[in-house]
Every structure is written in C-alpha cells, then in structure tokens.
Amino acid sequence: MTATSPTSVLSGYRVIELASERCALAGKLMADMGAEVIVVEPPEGCKTRSWEPFADDVADLENSLHWWHYNTSKKSVALDLETDSGARQFRSLIMTADVVIEAEPLGRLEALALGWEQFGELNSQLIWTSITHHGRDGSDPPATDLTLLAEGGPAWSCGYDDHEIPPVRGGGNQAFHTACHYAVPSILAALMWREDSGKGQLIDVSLLNSSNATTEFATLWWLNGERQVERQTGRHALPTMTEWTQIQCADGRWFNTGVPPRNKREFQALRSWIEELDLTDECSAYEILKLGDQFERIGLLELDEDPLAGEVFQAGRDAIEFLGQHLKAYDLFVGLQQRGMACGIVYSPDEMIVDPHFVERGFPEEVFYESRNATHIHPGAPYRFSKTPWSTIRAPRLGEHQALLEDLA
Amino acid sequence: MTDQTSQALNKIRICDFTGQLAGAGATKILAAFGAEVIRVEDPVQRGKWDILRGVPPWVGDARGLEAGGAFNNHNAGKLGVTLNLRDARAKELLRELVAVSDAVTENFAAGVMDRLGFGYEDLRQIREDIVYVSNNGFGATGPYTAFKSWGPIAQAVSGLTYTSGLPDLPPAGWGYSFMDHTGGYYMATAVLMALLHRRRTGEGQWVDLACIEAAGTLNGVATLEATVNQRPMRRQGMPNSNRSQSPRMAPHGIWPTKGHDNWIAIAVRDDQEWKVLSEIIGETWSGEDRWAHLETRLDDEDELEDLLRTWTVNQNRQELAQELVDAGVPAAPVLKPQERIESDPRTSELWVTVDHTEVGQSKVEGLPVRMSETPWSVTRGAACLGEHNQYVFGELLGLGNAEIETLTEEGVI
C-alpha cells in the first residue's frame with residue numbers, strides 16, 4: 001500500500017481484477033474513486049475487447065467502446081495463468097493486493113492453485129471477492145445477462161399490457177451491474193472491518209440472488225399475500241392492471257406522467273397553463289378542472305366516496321395528455337415540473353447526458369485519448385463527494401502496465 | 001443495539017432520515033452489515049412522509065401503520081425514533097443525536113434539510129467530521145434542483161426506460177422502481193466510501209447523490225456510441241433490448257412456450273452453440289447452412305426469430321431450459337415470483353424471517369452476498385413508530401424517564 005492521499009477515497013488500496021464482463025463495473029467503481037485497480041487480462045486480451053461497437057467502427061483490441069466504458073482508470077497487465085511464469089507473476093501480484101475481484105468459471109483458479117484457498121492464508125489481509133452464478137458452492141450454468149434477468153425475476157415484471165408480447169429484458173447489462181452494486185459495498189464494509197481487525201475475508205456475491213433482491217413489488221407482493229404481479233406498459237407490474245402513465249407528445253417523444261395531479265393548487269396550475277397557451281376551447285377537460293377548486297386533496301377515500309372527485313381526477317390526467325398533444329415532451333416536462341408536478345421526459349441515455357441540468361452539474365466527463373488526440377464524453381460520477389471527487393482516465397491498452405510485474409520481481 | 005455483534009460496521013451509528021426504497025434500501029444494507037441505524041420519523045405525520053408506511057401489501061393479516069410489507073422489508077434491522085422538528089426541543093435532541101452519529105443520511109427533496117436547519121454546514125457545526133449523504137432525483141445543484149422525482153421518473157429521464165423495449169412499440173421501461181433499488185445501492189456505497197475515508201484521514205464530507213445521474217451511468221456503451229461515433233440511440237430498429245448488440249449474439253431473446261404466459265430466454269453466444277441448438281430443434285430449417293454463421297443469422301434475424309418461435313411455442317420451458325443448459329447453451333425460463341421464491345433452491349438463503357414487535361414474523365429480502373468473517377444479519381422487522389425512543393433518548397442521550405414522558409405528552413417526540 002502507498003501513502004494515503006487526502007484527495008481520493010480509495011487511494012492506497014490495490015485491487016486485482018480478473019478481466020470479465022461480469023465484474024468489470026465493480027473494478028471501475030473503485031478505480032474511478034482512486035483505488036489502484038490492476039486488471040489482469042489473458043495475453044490475447046479480455047474477450048470484451050472484441051465486442052462491438054468500436055470507435056469509428058474500426059475493429060481493434062483498443063477500440064471497443066465496451067472496454068472503454070467499463071475499464072476507466074484501471075491499469076492492465078497481460079498474464080497467461082496457465083504457464084508457470086504467468087502463475088508466478090500472478091502470485092506475486094496477489095501478495096501485494098488488498099482486494100481481488102473475480103468472476104472466473106467455478107473451479108478454474110483452484111485447478112491452477114491460484115484461488116482464494118491458496119492466497120487466503122498467505123495474505124491474511126486479503127479481501128477476495130467472487131461473483132458467481134449462485135454461490136461458490138453452486139453449479140455454474142452457462143448464463144448471460146438475459147438469462148439471469150429471466151430466471152432472477154426482473155424480466156417477469158418488464159414488458160407490455162399485451163401479454164402476447166414477450167417480457168422484456170431491461171437494457172444495459174443490469175444483471176451484471178446489480179451483482180457489482182452488491183459487491184462494492186460488501187468490499188467497502190470488509191475494508192472498514194479490516195481497519196480494526198487487520199483481517200481480510202472471502203466475499204461471495206450471487207448474480208442470481210442479486211437480481212432476485214432487485215424486483216421491488218414482484219417479491220413484496222408474493223412475500224406478503226402470495227399475489228402475482230402482471231407486467232404493464234411503461235409502469236409498475238402489479239397484481240391488478242392500472243391506468244396508463246406514459247404518453248406520446250407532439251414531437252413523437254414519450255413522456256412519463258408521473259404522479260397524477262391531486263390537489264387544488266395543481267388543478268389551478270394546469271388550468272392557467274392551458275389559458276396561457278390559449279387552448280381553453282380545444283381542451284375538453286378544462287371546464288371540469290375548474291371544479292378542482294373544491295378539493296384540497298383527492299385521496300383514495302375521496303375517489304371511493306365522491307363521484308365528482310373521480311371526474312376531476314380524470315380531468316387532471318386528461319389535461320396532461322391534452323397538453324402532450326400540443327407540446328414537445330421537453331416543454332411538457334419542464335412546464336409541469338415548474339408547476340410542481342412530478343413527471344419525466346423519456347430520454348435516451350445520450351440525450352440525458354446533454355440535458356442542460358446535467359451539463360451544468362458537470363455530469364458529462366471529458367476523457368482524453370492521446371492516441372487519437374481527442375476528448376470523448378463519458379457518463380460521469382454517480383455521486384459527487386465534496387472532498388474526494390471522482391476522476392476518470394481512459395481505459396488501459398492491453399498490457400500497458402506490464403512494467404508493474406517487473407517491479408514485483 | 002444492533003442485530004448482532006462482530007459485524008463489519010458494528011461501531012458505526014447512522015442518523016437516518018431516509019424513506020421509500022431509494023433511501024431506506026441503502027440504510028437497510030448498512031444495518032445488515034451491523035451499523036446501528038436510527039431512523040428519525042415525524043410523530044405529527046405518524047411517519048407517513050414515507051409513502052410505504054402503512055400501505056399494502058400487508059404483512060399477513062395485520063393492517064395499519066405498522067403492517068406495510070414494503071416498509072417492513074426496506075427498514076428491517078433499524079431502530080426507530082420520533083422527533084417533531086417543528087419544536088425547538090426536538091431540534092436540540094437531534095443535535096445531540098448527530099453529535100454521537102457517524103453519518104447522516106436522507107432522501108428528502110433538495111433543500112429540506114437546509115430549511116430544517118440541518119444542512120451540511122449546520123451538521124458540521126455539530127460534528128466537524130460528520131459524513132452527510134443526500135439522495136434525490138436531480139441533485140442539490142443545477143436548474144432542475146426543485147424538480148420532483150421518484151423511481152419511474154428517474155428511469156425515464158436517465159435513459160433506463162428508453163433502453164428497455166422492443167422496436168415500433170412504446171418503451172416498456174422497467175416494470176418497477178429499479179432505480180430506487182439501485183439508487184439505494186449507490187447511496188450505501190457512498191456512505192461507506194465516505195466513512196472509510198474518514199476512518200483513514202479523520203475527514204468528513206458531503207455526498208450529493210442525484211439518482212438520475214447514478215442511473216445515467218448504467219447505459220455507458222450506448223452513450224459512448226453517441227459521443228464517440230455520433231450514432232444516437234434513437235434510430236431505426238432501436239432499442240431492441242431483447243437482442244444483444246454488445247456483444248452481437250443471435251438468436252438472443254425471449255420466446256413463448258407451452259402454457260399461459262410462459263416464456264424462455266435463450267442466448268446463443270457463438271456458432272458452436274447454434275449448432276447445438278439447431279440439433280436440439282432438429283427441423284429442416286434449423287439445419288440449413290444459412291443459419292450456421294453469426295453474420296447471416298444477424299442479417300435475417302427477424303426471420304430466424306419467427307422460425308424459432310414456431311418451435312418453442314410447443315416446448316415446455318423448464319425442460320427445454322434444462323436441456324439447453326446441459327448442452328452448454330445459456331437458457332432460462334422467465335420465472336414467476338412464486339417459482340423463484342418458493343421453488344428455486346438456489347435462492348433460499350435470500351429470504352429471511354424477521355420478528356416485528358407488533359405484527360410478528362414475516363419474510364423479507366436479505367442480501368445476495370456471503371461474507372466469511374462478517375456475515376450480514378437481518379433478524380428484526382421494521383421499527384414501530386417511536387419504538388426505540390426510550391433507548392435512544394434515554395440510554396444513548398441520557399434523558400430521564402420523566403423527561404421522556406413529558407416530551408412524549410407534549411408531542412415533541
């Protein structure tokens with residue numbers, strides 16, 4: 001360990017990551033917060049280096065955007081663990097490590113005498129993190145993000161009102177992400193404990209259970225009442241079908257109407273906005289909205305007992321749909337939010353990153369690529385620390401930090 | 001007064017204002033790791049700022065303020081106190097609580113803590129090295145700071161909703177608040193990072209977590225496609241999140257099988273796996289040369305998917321998934337809640353039984369992690385409103401019984 005720098009949360013910690021799409025995010029989250037994360041690749045490079053898309057569509061080990069995204073701020077060494085010299089160098093490296101993160105096929109490292117069983121006793125401070133399908137003592141079925149989200153629960157809840165359409169996998173490799181989202185706090189808790197005890201430990205993260213622990217009401221309705229949720233277009237899967245919350249605006253973009261207007265202030269705000277737009281004659285809900293003045297708040301009780309409450313409530317939803325037919329999604333989003341109503345434009349990820357709010361907050365992260373003499377925008381920090389900010393440098397070239405191994409020898 | 005000693009965070013105390021899932025989910029993890037999490041609720045609103053308190057799904061036959069199943073799940077293992085912060089005496093008690101806490105956590109709308117007089121600068125006056133983590137949709141700075149958010153809105157604005165869907169259909173989105181779960185994971189991570197930094201340097205800090213930014217990091221490859229290759233995601237045929245663009249695989253998707261709303265997910269990673277699948281299908285079309293190579297499977301992916309569908313629809317999803325997995329091809333049935341919770345032995349250690357003071361025993365989610373030296377522990381259900389006032393204000397802060405009684409009668413706690 002090197003001396004602790006006050007400007008970076010994890011500086012001084014050395015993390016060895018065995019390159020894999022399953023654990024890459026865990027390493028990135030630690031590297032961008034200052035840990036020295038050394039990703040160990042096979043001599044031919046991590047297989048994700050050959051995954052599309054490539055920068056400028058040029059297939060090359062150094063061009064995969066998957067590699068670029070998941071391996072920022074890391075160092076790379078190339079090692080063939082199947083050879084004596086590679087295994088020896090790997091052992092030396094692990095002896096200097098605080099944390100290991102791996103998602104290797106079960107039994108592979110043990111067969112090479114390079115697993116936790118070998119190192120746990122030699123380096124008693126080591127925190128060894130395995131991300132496995134469903135535990136180190138389980139089996140290791142062939143699996144991808146898709147199959148994990150299918151058997152882990154999320155896919156059951158995602159899709160459309162029409163159940164002839166298949167359930168949908170949420171995009172972005174979230175099954176792997178979720179396991180990493182459990183791995184990192186577990187590692188941090190283990191580091192906290194090690195500060196006092198001086199001891200490392202073994203952390204075993206289940207991909208399958210990570211998804212199982214991340215389904216919200218699908219699990220909660222089963223554990224509490226044995227009711228099965230049903231998937232619904234663009235909104236929560238629930239035991240009963242609910243009203244739409246997603247509309248298409250005048251510019252064709254989709255929009256999440258969020259929490260429907262429920263009180264006098266909101267009904268008044270909708271009315272005056274329709275007046276400002278000079279659309280009162282065209283809006284059939286406008287007259288009913290006036291009756292909203294009678295309601296401080298329309299709750300479930302009022303909806304149950306007062307037919308007028310139901311009409312006004314529906315008029316609020318209709319008014320938002322009407323406004324969507326006349327406005328661009330962005331204008332509806334900002335206009336409703338400025339009037340105190342929670343809602344959201346459905347951005348694509350690349351549209352979100354150029355939205356003025358997130359730009360002003362500094363979310364887009366400029367990363368310099370010297371070989372291209374260019375700066376590219378990456379998604380930035382998921383959180384901003386006042387004293388120890390996130391910082392990102394480009395992902396390493398294959399074996400770029402091979403000299404590290406010579407230092408060990 | 002933690003669930004168990006000898007855990008990773010057993011010296012840590014959190015003064016916790018979080019609620020819902022995005023905040024409460026974070027401090028549940030910290031409590032499971034052994035931190036003493038003291039959840040502060042408003043006695044006037046009877047804790048109903050947290051919209052999950054006292055709403056269905058209910059725990060067993062119980063009903064009412066303490067019987068919300070989601071609330072019980074997200075707050076398992078924590079302590080609960082009440083403080084009416086409209087009263088100066090309650091504010092003084094909160095100052096005393098902060099002084100003996102390591103971290104303050106909250107997921108109010110931006111600015112609420114400042115208005116209460118407990119923003120970061122105020123907290124620092126009480127305890128110089130305090131860790132303060134705030135979590136809301138749009139964050140504490142920027143033009144949308146006052147905008148409101150919850151899970152589905154965070155998902156919409158961040159791109160998560162857009163990237164979950166099929167071509168020529170509206171976004172399917174996530175059928176639940178994925179980003180409340182995940183915002184909670186980032187919040188737990190932020191608290192632990194800041195505590196670790198303090199442990200090593202003595203320095204506290206404020207973490208401003210905007211849930212939508214955390215969500216905006218979760219589609220990084222699609223974002224780089226636009227920023228590096230100027231290829232926006234909003235284009236013909238996209239999104240199609242049941243297919244795989246990175247890496248390219250085909251077939252890759254979810255297909256109908258025998259029975260009502262029964263589906264199987266299959267991912268063919270390479271030509272060898274296609275050969276295995278094509279032999280299991282065993283039909284004339286599946287053996288055709290044109291499907292033998294990834295490039296041609298991708299060229300006519302729609303046709304291939306139609307052909308596959310006509311075959312899967314007569315299969316049993318469990319049996320087919322097992323056959324494919326045994327042959328080395330990634331496949332899995334789309335499991336329904338009952339199947340994965342009650343019938344999948346691989347998940348059994350995730351569901352744990354907790355004891356709730358008022359509503360008795362119930363099952364909640366544990367953590368999908370094993371730690372060899374400091375295992376997590378979740379044994380106690382959510383705290384009843386003000387359940388631990390006596391312990392916190394009496395034992396911890398030193399108030400006498402008479403004083404606690406008076407404060408209770410006068411609605412301060």
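Biologist: What distance separates the centres of domain 1 of chain B and domain 2 of chain B, taken over C-alpha atoms?

Modeller: This is a predicted model, in which local features need pLDDT of at least 70 and side-chain atom pairs count only at pLDDT 80 or more, while totals for chains, interfaces and linings use all residues. Residues are numbered from 1 along each chain as its sequence is written, and chains are lettered from A and ligands numbered from 1 in the order in which they are written. Chain B comprises domain 1 (13-216 + 347-409) and domain 2 (244-256 + 263-333), with bounds from an automatic or database domain assignment. Between their centres, over C-alpha atoms, the separation is 44 Å.

Biologist: Which helix of chain A gives the most residues to the side that touches chain B?

Modeller: In the model, 121 residues of chain A are in contact with 128 residues of chain B, contact being C-beta atoms, placed from the backbone, within 7 Å. The side belonging to chain A holds 60 nonpolar, 45 polar and 16 charged residues (Ala, Val, Leu, Ile, Met, Phe, Trp, Tyr, Cys and Pro count as nonpolar, Asp, Glu, Lys and Arg as charged, and the others, Gly among them, as polar). The greatest share, 14 residues, comes from residues 174-197, helix H8 of chain A.

Biologist: Which residue of E14(B) is the bridge partner of A:Ile203?

Modeller: Strand E6 (residues 201-206) of chain A runs antiparallel to strand E14 (residues 369-371) of chain B, and 3 bridges join them. Two strands pair if DSSP finds at least two bridges between them; strands (E, at least two residues) and helices (H or I, at least four) are DSSP runs, numbered from the N terminus. The partner of A:Ile203 in E14(B) is B:Met371.

Biologist: Which strands stand at the edges of the open sheet of 7 strands?

Modeller: The order is E14(A)-E6(B)-E5(B)-E4(B)-E1(B)-E2(B)-E3(B), with mixed pairing. The two edge strands each have a single partner strand, so one side of each is left without a neighbour in the sheet. They are strand E14 (384-385) of chain A and strand E3 (79-82) of chain B.

Terms used:
Two residues are in contact if their C-beta atoms, placed from the backbone, lie within 7 Å.
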